[in-house]
Amino acid sequence: QVQLVESGGGLVQAGDSLRLSCVVSGRPFSNYVMGWFRQAPGKEREFVARINWSGGTTTYATSVKGRFTISRDNAKNTVYLQMNSLKPEDTAVYYCAGLRSYSNPVVDSWGQGTQVTVSS
């Protein structure tokens with residue numbers, strides 16, 4: 001059974017940085033396409049970023065491009081989301097996800113989520 005466990009959320013001020021981590025267990029990680037999604041109160045869950053198995057290819061939502069960086073450490077079964085220049089509109093629960101493939105990024109496993117709150 002695949003398990004994804006996020007950590008690193010918290011309360012920060014606008015302009016601050018945070019790094020989220022997600023540790024994966026229960027399946028081989030090095031060939032697993034990974035992604036981050038978020039859900040703000042009253043809104044639908046939305047895509048934030050994804051990364052291919054090697055870390056050499058990434059895709060970002062327009063709203064976070066240039067501020068967020070997704071990366072992975074296959075030796076540690078961990079994917080990261082470095083978030084810089086945070087804005088109040090980045091406030092959401094952030095979810096780590098395992099994806100079926102890079103070209104067909106359907107989610108097949110979710111983490112439990114970690115809360116990020118950005119105050120103005």
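Trainee: How many of the 120 residues count as buried in this protein?

Mentor: Keep in mind that we're looking at a predicted model. A residue counts as buried when its relative accessible area is under 20%. Here, 42% of the 120 residues pass that test.

Trainee: And what about the surface, how much of it belongs to carbon and sulfur atoms?

Mentor: The accessible surface comes to about 6,100 Å², and carbon and sulfur atoms hold 47% of that.

Trainee: Okay, now the fold. How many helices and strands are there?

Mentor: Zero helices and eleven strands. Walk along the sequence and you read β-β-β-β-β-β-β-β-β-β-β. The radius of gyration is 13 Å, close to the 14 Å from the globule rule for 120 residues, so the protein is as compact as a globular protein of that length. Along the principal axes, the C-alpha trace spans about 40 × 25 × 25 Å.

Trainee: What share of the contacts joins residues at least 24 apart?

Mentor: Take contacts between residues at least 6 apart in sequence: 55% of those join residues at least 24 apart.

Trainee: Which residues have the most contacts inside the largest nonpolar core?

Mentor: To find a core, you look for buried nonpolar residues joined through side-chain atoms within 4.5 Å. The largest one has 28 residues, and Met34, Trp36, Val79, Leu81, Met83 and Tyr94 have the most contacts inside it. Several strands give two or more residues to this core, including β4 (33-39), β8 (78-83) and β9 (92-99). The largest share, four residues, comes from β3. There's also a second, separate core of five residues, with Val33, Phe37, Leu99 and Tyr102 among them.

Trainee: Let's zoom in on Val79. Which residues is Val79 in contact with?

Mentor: Skip the neighbours within four places in sequence, then check who is left. For Val79 the list includes Leu20, Cys22, Phe29, Met34, Trp36, Ile51, Ile70 and Cys96. Ser21, Ser71 and Arg72 are in contact with Val79 too.

Trainee: Last one: how many positive and negative side chains does the protein have?

Mentor: Count Lys and Arg as positive, Asp and Glu as negative. That gives 12 positive and 8 negative side chains, and the centres of the two sets lie 5 Å apart.

How values were computed: Residues are numbered from 1 along each chain as its sequence is written. This is a predicted model: local features need pLDDT of at least 70, side-chain atom pairs count only at pLDDT 80 or more; totals for chains, interfaces and linings use all residues. Side-chain values use heavy atoms; hydrogens and water are left out. The radius of gyration is taken over C-alpha atoms; the globule rule is 2.2 Å times the number of residues to the power 0.38. Buried means under 20% relative accessible area, exposed over 50%, partly exposed in between (1.4 Å probe, protein chains only). Contact means heavy atoms within 4.5 Å. Accessible areas come from the Shrake-Rupley method with a 1.4 Å probe; for residues, only the protein chains shown count as cover. The place of a charge is taken as NZ of Lys, CZ of Arg, CG of Asp or CD of Glu.
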